[in-house]
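Hello,

Here is the structure I promised to pass on to you. Have a look at it first, and then read on for my notes.

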Amino acid sequence: MSRKQDTRDRFYSKLRIANNGCWGWSGSKNERGYGYVRSRKKTTTAHRYSWEIHFGEIPHRACVLRTCATKDCSNPDHLFLRPHLTHEARFESRWTEDENGCWIWSDSLNSSGYGTWWDGGKNISAHRSSWERNFGGIPNGKHVLHKCDVRNCVNPNHLFIGDVFSNMADMVEKGRSCTGERNGMSRLSEDQVLEIKRLYSEGGITQRELGEIFGILGGSVNRIINGRRWSHIQ
Ligand SMILES: [Zn+2]
Ligand SMILES: [Zn+2]
């Protein structure tokens with residue numbers, strides 16, 4: 001058996017055909033979730049390999065994309081070619097504007113619901129990348145926050161830099177390490193409660209974002225702001 005045939009057989013042996021016709025991949029995957037095929041000459045992602053053995057060589061720098069939503073699908077009938085897009089154009093192709101003017105990220109989200117974007121060899125959050133491509137670098141330790149409260153929105157006009165964050169992160173750390181009880185509100189210090197009230201009254205930050213910063217639930221933030229908790233602190 002020729003080496004070429006050998007590689008091809010290995011490719012077919014790793015496929016798992018699903019009910020929807022997708023050819024899933026049961027072999028090794030790279031860090032981006034794509035299956036890959038190793039031959040003597042080179043390593044190729046499984047879907048590109050599938051394209052090559054069914055339709056021939058892929059034009060220089062062209063992308064092989066899928067019409068289905070199965071990330072590791074190699075069914076040649078689910079694949080199509082698209083000319084290479086610049087990094088910039090690829091980013092722009094991954095959001096759609098909704099009726100509120102939010103640019104909703106249509107690609108993968110992380111576990112907290114923020115869009116993720118593959119850049120410079122790693123996954124970064126898409127809204128941070130949007131800030132950087134429009135306004136430049138993000139100062140060390142600062143955060144890019146949403147005015148619109150939509151985590152997977154990448155509209156640069158809906159973003160702002162939170163310059164109070166590093167201080168607060170410190171405060172939260174201190175609050176956590178010096179309180180014995182971890183349940184409910186007891187881990188917040190009076191200073192933190194005051195800070196939450198102050199930040200909220202200044203505007204530009206949502207209750208949910210405050211909850212994230214201080215590590216408490218949005219409902220607890222709401223109770224602080226409306227005075228149902230910690231009302232003795234003005
Ligand atoms: Zn498919
Ligand atoms: Zn938005």
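Below is what I found, starting with the whole chain and then moving to two places in it.

Please keep in mind that this is a predicted model. The average pLDDT of the chain is 81, and 84% of the residues reach at least 70. The stretch to treat with care is residues 176-186, where the pLDDT falls below 50. In the model this stretch makes nine contacts beyond near neighbours in sequence. Where pLDDT is low, predicted coordinates should not be read in detail.

As for the overall make-up, the chain has eight helices and twelve strands. Of its 234 residues, 22% are buried. If you take the contacts between residues at least 6 apart in sequence, 42% of them join residues at least 24 apart.

On the α7 side, the contact is made by Gln 207, Arg 208, Leu 210 and Gly 211; α8 contributes Gly 218, Ser 220, Val 221, Asn 222 and Ile 225. By type, the residues of this contact are three nonpolar, five polar and one charged.

Which residues of α7 are buried? They are Glu 209, Leu 210, Ile 213 and Phe 214. These residues cover an arc of only 125° around the axis, and therefore sit on the same side of α7.

Cys 102 is in the loop between β7 (95-97) and β8 (103-105), while Asp 149 belongs to the loop between β11 (143-146) and β12 (159-162). In sequence Cys 102 and Asp 149 are 47 residues apart, and in space their C-alpha atoms are 9.9 Å from each other. Setting aside neighbours within four places in sequence, Cys 102 has contacts with Cys 148, Val 150, Cys 153, Asn 155 and His 158.

Best wishes

Key. Residues numbered from 1 in each chain as written. Chains lettered and ligands numbered in written order. Predicted model: local features only at pLDDT ≥ 70, side-chain atom pairs only at ≥ 80, totals over all residues. Contact = placed C-beta atoms within 7 Å. Helix = DSSP H or I, 4+ residues; strand = E, 2+ residues; numbered from the N terminus. Nonpolar A, V, L, I, M, F, W, Y, C, P; charged D, E, K, R; others polar. Buried ≥ 20, exposed ≤ 12 C-beta atoms within 10 Å, placed from the backbone. Arc of directions from axis to C-beta. pLDDT = per-residue confidence, 0-100.
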